[in-house]
Amino acid sequence: MYQNVLSYAKISYMKEGNPMKFYLEEPSIDRKEEALEYLDEMVEYNSDINGSGGMDQCLYGMTYEDWLIRLDNIKNEEFANSVGRCPGATFFLIREDDNKIIGMLNIRYNLTEEMLKFAGHIGYGIRPTERRNGYNKINLYLGLKKAKEDFNLDKVMLGCSKDNLGSDKTIQDLGGELERCELDPQDGELTNVYWIDVAKSLEEYKDVYMGYISDREKFPSR
């Protein structure tokens with residue numbers, strides 16, 4: 001049985017006395033069934049599907065295989081711009097202990113002016129049955145690590161509904177500084193817009209989260 005102990009910013013995820021480990025993994029055909037089960041769970045709980053890089057389109061006729069092709073294409077800035085998007089990359093958050101998809105994360109870069117208003121550089125989500133465990137903080141920390149190491153992003157913007165207290169706290173707990181709170185005309189929701197200094201956050205919170213990060217992240221060639 002998993003035990004989660006939260007004390008301010010210090011989080012402990014233990015199983016049988018050992019820390020659980022997490023890593024980000026690019027979607028592949030090998031995860032097809034698990035990924036579709038993840039989507040089904042989101043629908044079952046009537047949950048918003050965030051950070052999925054458009055995987056929710058598999059609910060409306062797109063095949064998983066076509067989604068994988070789209071993910072590969074969207075990394076190309078010319079293609080991304082041709083479909084009104086910005087380039088980006090999408091990942092599954094995997095809990096190493098049981099090899100389970102816990103959540104998803106999407107990193108976007110070279111943002112358009114429109115994306116800089118509310119959408120931001122990073123979107124993320126945790127499956128409903130795994131929420132309230134603090135996993136999104138590890139998800140975001142890993143996302144910041146990717147943003148710095150793979151995309152050379154020094155600062156990232158994130159937006160979340162003011163009513164989404166869990167996401168709001170996640171951003172704040174990773175050093176997010178509130179820039180503004182405005183009505184997003186796209187969904188009619190009051191949205192908090194934050195900025196995170198990536199290097200500062202990674203350094204400040206490394207003692208909190210690095211112990212829960214798999215060696216697959218620390219040493220990708222393994």
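Author: Let us begin with a term. A salt bridge is a side-chain nitrogen of Lys or Arg within 4 Å of a carboxyl oxygen of Asp or Glu. Side chains of opposite charge can pair when their charged atoms come close. Here Lys 117 forms a salt bridge with Glu 114, with 3.3 Å between the closest N and O atoms.

Reader: What kind of model is this, and how are its residues numbered?

Author: The model is predicted: local features need pLDDT of at least 70, side-chain atom pairs count only at pLDDT 80 or more, and totals for chains, interfaces and linings use all residues. Residues are numbered from 1 along each chain as its sequence is written, and side-chain values use heavy atoms, with hydrogens and water left out.

Reader: How is pLDDT to be read, and which element of the protein chain has the lowest mean value?

Author: pLDDT is the predictor's confidence in each residue, from 0 to 100. The protein chain averages 89, and 91% of the residues score at least 70. Helices (H or I, at least four residues) and strands (E, at least two) are DSSP runs, numbered from the N terminus. Among these elements, strand S1 (residues 3-7) has the lowest mean pLDDT, 36, while H1 has the highest, 98. Over residues 1-10 the pLDDT stays under 50, and the model has 21 contacts beyond four places in sequence for them; contact means heavy atoms within 4.5 Å.

Reader: How many helices and strands does the protein chain have, and what is its radius of gyration?

Author: The secondary structure comes to 8 helices and 10 strands. The radius of gyration is taken over C-alpha atoms, and the globule rule is 2.2 Å times the number of residues to the power 0.38. For 222 residues, a compact globule would have a value near 17 Å, and the protein chain agrees, with 17 Å. Along the principal axes, the C-alpha atoms fill a box of roughly 50 × 40 × 35 Å. Among contacts between residues at least 6 apart in sequence, 63% join residues at least 24 apart.

Reader: Returning to Lys 117 and Glu 114, is each of them buried, partly exposed or exposed?

Author: Buried means under 20% relative accessible area, exposed over 50%, and partly exposed in between (1.4 Å probe, protein chains only). Lys 117 counts as partly exposed because its relative accessibility is 40%; Glu 114, at 55%, is exposed. Buried residues make up 47% of the 222 residues in the protein chain.

Reader: How many salt bridges does a search of the whole structure find, and which residues are linked in a network?

Author: The search finds 18 salt bridges. Arg 95, Asp 98, Lys 100 and Glu 130 are linked in a network of them. Within that group, the side chains of Glu 130 and Arg 95 meet at 3.2 Å, N to O. This pair links distant parts of the chain, 35 residues apart: Glu 130 is in the loop between strand S7 (122-126) and helix H4 (135-151), and Arg 95 is in strand S5 (residues 88-95). Both Glu 130 and Arg 95 are buried. Another salt bridge joins the side chains of Glu 25 and Arg 31 at 2.7 Å, N to O, and both of these residues are buried.

Reader: Which residues does Val 198 touch?

Author: Not counting residues up to four places away in sequence, Val 198 touches Leu 144, Lys 148, Leu 153, Asp 154, Lys 155 and Val 156. Val 198 lies in helix H6 (residues 198-204) and is buried, with a relative accessible area of 0%. Val 198 and Lys 145 are 53 residues apart in sequence, and their C-alpha atoms are 7.8 Å apart in space.
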